[in-house]
Amino acid sequence: MGNIKRIASGEWRGGVPGLCRPQRVVFSLLAALLGLAGSWLGASAGASPAEPAGMGCSPMQLRSPTQLRSPTQPLPGSAAGPWGFWGHRRINRQAVYTIPSGPLFGFFKRHIGWVEAHAVDPDKRRYAVPGEAPRHYIDLDRYGPWPHDSLPRDWDSAVARYGDSTLQANGIAPWHIQRMMARLRWAFREGETRNILKQAAELGHYVADLHVPLHCTENYNGQLTGQKGIHGFWESRLPELFGEAYDYWTGGADYIPDVSAVVWQAALESSAAVDSVLSLERELAGAYGDARYAYDRRGERILRVHSQGYAAAYHEVLDGMVERRLRKSIRTVGSLWFTAWVDAGRPALPDGEAEAPNALERLAERWSTGSGATADSADGALPNGVAKLVASEIGLLDSLAATDTLLVPGNEKARARLHDH
Ligand SMILES: [Zn+2]
């Protein structure tokens, strides 16, 4: 639990040697957003553990990445991530088709490939960005029995009662989704193609996570009840095995007048399903014994996974739960995109390319070539306005806004490294 608490509270776990913390934060955040985290951050900082083949993120990994530092210990369960990468991409893709016909649908349809491909970005940066992990879950059972009334739904009231660090340690997914809505509204108003798509794709990720029952309990991987591996089993292996046959016609997106209510409803539904997810598997495991596992070769390694027969039996006793949660995710994601656009005043949508570099990437380019980032000062400090842009782009404005000056590395080796990629 120590690891969980440290990660969840955003304690920094690695860094580029020679850089102070603010430097490392900016530097690694830039790298993460540029998709470099997996390459040089992992190599230089040791913050990104080796992962089993095909492994994405699960809350287990999000919370305790040290578990994955031993790639020779296969984890029972799935070889994919939360909702699997397959599931997250599918949810974002299908959500596009829930949008009512009109300019918003046209915009998303044009960029459907991008929104689908970037559905998993928040998982990819989980080791590089402090504070990322708790955005993917909330341990509701730490706040008393369902419906967890001791937890105020309003962020300020929740902070007043429990304090920020406790909330962070237990996960902040419902509040982060509301923050993402604000960002998406802002992005619609700003009208930059890439930023709209980025905020929308990532909002879709967090909403989908919240619909997974095991994202809403401290027993997120069955580790407290002798069911380790159930997380990936439920949300990755089952939909990957059976998801193609699901019914993806979910009905059209709705305008949501009370976003907070809908988000908390999703969390409470997930929490209410936790008991079934765990108890049904426990009963089945007793009947199957060792027959519930099979062995899967992935390259050099042998992974223990839940067998197809066992997966089919579990899927059957769940009685459509995985499909229902997946369908609900899709419709909620589409409805939130639509709502953000309406609340932004139904602005005209840009016709720019999704792959055009965004403001942050342009900044990184200038900085990596030494052509501007240090223009305002000799000691390598970013101009304040730029620092704030970085913070807000990356989503840490809340925690970093008070930092007037963020330093960039004067470290030539690190700079060259970024430039190389
Ligand atoms: Zn996630």
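Q: What is pLDDT, and what does the protein average?
A: The pLDDT is the predictor's confidence in each residue, on a scale from 0 to 100. The protein averages a pLDDT of 76, and 65% of the residues score at least 70. This is a predicted model, in which local features need pLDDT of at least 70 and side-chain atom pairs count only at pLDDT 80 or more, while totals for chains, interfaces and linings use all residues. Residues are numbered from 1 along each chain as its sequence is written.

Q: Over which residues does pLDDT stay under 50?
A: Two residues are in contact if their C-beta atoms, placed from the backbone, lie within 7 Å. Residues 31-62 stay under 50 in pLDDT, and the model has 96 contacts for them beyond four places in sequence. The pLDDT is also below 50 over residues 395-421, a stretch with 51 contacts in the model beyond near neighbours in sequence.

Q: Where does P347 lie?
A: Helices (H or I, at least four residues) and strands (E, at least two) are DSSP runs, numbered from the N terminus. The protein has 20 helices and 2 strands. P347 lies in the loop that links α16 (321-343) to α17 (359-368).

Q: Why does P347 count as partly exposed?
A: A residue is buried if 20 or more other C-beta atoms lie within 10 Å of its own, exposed if 12 or fewer, and partly exposed in between; the C-beta atoms are placed from the backbone. P347 counts as partly exposed because it has 15 C-beta neighbours inside 10 Å. Of the 421 residues of the protein, 47% count as buried.

Q: Which residues does P347 touch, not counting those up to four places away in sequence?
A: P347 touches F188, R189 and G191. From C-alpha to C-alpha, P347 and R189 are 6.4 Å apart in space, although 158 residues apart in sequence.
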